[in-house]
Amino acid sequence: MFPNIRAEMARNRLTASAMAEKLELNERTLGNKLSGKSEFTWSEVNRIRSIFFPSCSLEYLFQKEEQYTA
């Protein structure tokens with residue numbers, strides 16, 4: 001759902017487990033948010049950017065994956 005966050009995690013060798021711990025979230029909860037099953041709070045959005053990816057814009061990080069239909 002948020003491919004740019006996943007890409008930045010990979011570039012920075014950041015695991016979902018480490019990210020969840022720093023955000024004080026359960027790893028499953030973070031996974032649900034990254035996959036779009038639940039939503040990020042505004043506070044979480046800001047913390048993700050400021051803690052992990054300060055050089056990236058919110059628009060870039062939280063750009064949703066395009067859904068293509070055949």
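Residues are numbered from 1 along each chain as its sequence is written, and side-chain values use heavy atoms, with hydrogens and water left out. This is a predicted model: local features need pLDDT of at least 70, side-chain atom pairs count only at pLDDT 80 or more, and totals for chains, interfaces and linings use all residues.

**Stop 1: helix α4**

Select residues 42-52, which form helix α4. Helices (H or I, at least four residues) and strands (E, at least two) are DSSP runs, numbered from the N terminus. Which residues of α4 are buried? They are Glu-44, Val-45, Ile-48 and Phe-52. Buried means under 20% relative accessible area, exposed over 50%, and partly exposed in between (1.4 Å probe, protein chains only). These four cover an arc of only 105° around the axis, so they sit on the same side of α4; the arc is that of the directions from the helix axis to the C-beta atoms. Now show α2 (16-23), α3 (27-35) and α5 (58-61): the buried residues of α4 pack against these helices.

**Stop 2: the core**

Select Ile-5, Met-19, Phe-40, Phe-53 and Phe-62, the residues with the most contacts inside the largest nonpolar core, which has 17 residues. Such a core is a set of buried Ala, Val, Leu, Ile, Met, Phe, Trp, Tyr and Cys residues joined through side-chain atoms within 4.5 Å. The elements giving two or more residues to this core are α1 (3-11), α2, α3 and α4. Centre on Phe-53: leaving aside residues up to four places away in sequence, its contacts (heavy atoms within 4.5 Å) include Ile-5, Met-19, Ile-48 and Leu-61.

**Stop 3: Lys-33**

Go to Lys-33 in helix α3. Is Lys-33 buried or exposed? Lys-33 counts as buried, at 8% relative accessibility. Among the residues that Lys-33 touches, not counting those up to four places away in sequence, are Phe-2, Phe-40 and Glu-44.

Lys-33 also belongs to the lining of the largest pocket, as do Met-1, Val-45 and Lys-64, among others.

**Stop 4: two loops**

Select Arg-13, in the loop between α1 and α2. Arg-13 has a positive phi of about 50° although it is not a glycine, and it is exposed, with a relative accessible area of 78%.

Finish at Glu-24, in the loop between α2 and α3. Phi of Glu-24 is positive, near 60°, and this residue is not a glycine either. Glu-24 is exposed, at 69% relative accessible area.

Key: 1 Å grid on protein atoms, 1.4 Å probe; cavity = no way out; pocket = protein on both sides within 12 Å on 5 of 7 lines; lining within 4 Å.
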